[in-house]
Amino acid sequence: MILCSNPKAQYESHKAEIDEAVRRVLDKGRYIFGEEVSAFEREFAAYIGVSHGIGVGSGTEALHVALKACGVGPDDEVITVSHTAVATVSAIDLVGARPVFVDINPDYCCINPALIEQKITNATKAIIPVHLYGQPAAMDEVMTIARSHGIKVIEDCAQAHGAILEGKRVGSIGDIACFSFYPTKNLGAMGDGGMVVTSDDDLAKRCRLLREYGWAERYVSHIAGWNSRLDEVQAAILRVKLRFLDGDNDRRSRIASAYNSRLAGFDLQLPAVRENARHVYHLYVIRHNRRNALQEYLTKLGIGVLVHYPVPVHLQPAYRHTMRLAGTLEETEKAASEVLSLPIFPELKLDEVDAVIRAIRNFPKA
């Protein structure tokens, strides 16, 4: 079986260092908010190119904390996309705000900035562009629109650790940004974890209060907060993996290049890359008008392929009544019927890549 992603293979490739990092935490005996979390917050913030990193319990919680820190709450509106992991919208719902969906650009599967302005109202408090699949969203256009309306921009970087646009890493462009360290991510923990990053001192201060009961000092809540903490073990593991992130992303890019060169000219759409951008291929997503048949065919051959994502958020039963939808999301719904994620992770072997390519090239025409 060729897996679509394989976090265990990454552990095995750095096993000695990860085991030592975990042992270091266990020997110290401090498991929440110790030296490892503080060091990882500094190191990851420096890697992204911002002043502050605030470790939290998950990527969803990173978005939840960021939205609250930006003052988003009940009766507010947040512009984002429906073609995303449901976590993006779940966080909006958690603060009591209403998601307002904008269609995607069909080439890049990220928010179409040309459609944003028409969705802005007096209730709009934030825009969440999602850097989907490892592809940077069109941040220059998003930031121009947001600045002209006084709206906060919260980058959803859950799938784009290390991606670059116009010489800047994603996460350093908006007002505040959110990362997930779910095990399959480009930078993945061995459990849940997330981080909020920003260069805004006031937003960083609010995030730190929000993630732990509003405490500036222990047992004194200055604002209403909750418990969302990155633990020491996960931070120690992530510190090890951060050192290898750029190299791992290079390997993902080489696999993507093999797919690009040897699947070109076949009856499918390959992922485009935005100009002046570095796509880090969290997922390698093709599009095919017979996606379901292709998925079934590859699965029978033992090739792990997945759909990210089969049901857009605006069609999910839980969110149909919480959103504001003006117009259609034609490109979003079309993408949901066509996208298919091929195997890609740094440890994927070349013969496995070859097997995936051969299988797709041999897929029978209708």
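Reply: Strand 6 and strand 7 pair in the antiparallel sense, over 2 bridges. Please keep in mind that this is a predicted model. Within that pairing, Ile-164 stands opposite Arg-169 of strand 7. The two strands belong to an open sheet of 3 strands, ordered 7-6-12, with antiparallel pairing. Its edges are strand 7 (168–169) and strand 12 (277–278), each of which pairs on one side only.

Now let's follow strand 6 to a helix. Strand 6 (164–165) is among the elements that cover the buried residues of helix 6, and the cover also includes strand 4 (124–127) and strand 5 (152–156). Which residues of helix 6 are buried? Along residues 139–149, they are Met-139, Val-142, Met-143, Ile-145 and Ala-146. Seen down the helix axis, these residues fall within an arc of 165 degrees, so they line one face of helix 6. The face turned away from that buried side carries Thr-144 and Ser-148, both exposed. Just after helix 6 comes Gly-150, with a positive phi of about 65 degrees.

Strand 5 leads on to another helix. Together with helix 4 (59–69), strand 2 (77–81) and strand 3 (98–102), strand 5 is included in what covers the buried residues of helix 5. In helix 5 (residues 87–94), the buried residues include Thr-88, Val-89, Ser-90, Ala-91 and Ile-92. Helix 5 is followed by Gly-96, where phi is positive, near 85 degrees.

Methods: Residues numbered from 1 in each chain as written. Predicted model: local features only at pLDDT ≥ 70, side-chain atom pairs only at ≥ 80, totals over all residues. Heavy atoms only, no water. Buried < 20%, exposed > 50% of the residue type's maximum accessible area, 1.4 Å probe, protein only. Helix = DSSP H or I, 4+ residues; strand = E, 2+ residues; numbered from the N terminus. Arc of directions from axis to C-beta. Contact = heavy atoms within 4.5 Å. Pairing = 2+ DSSP bridges.
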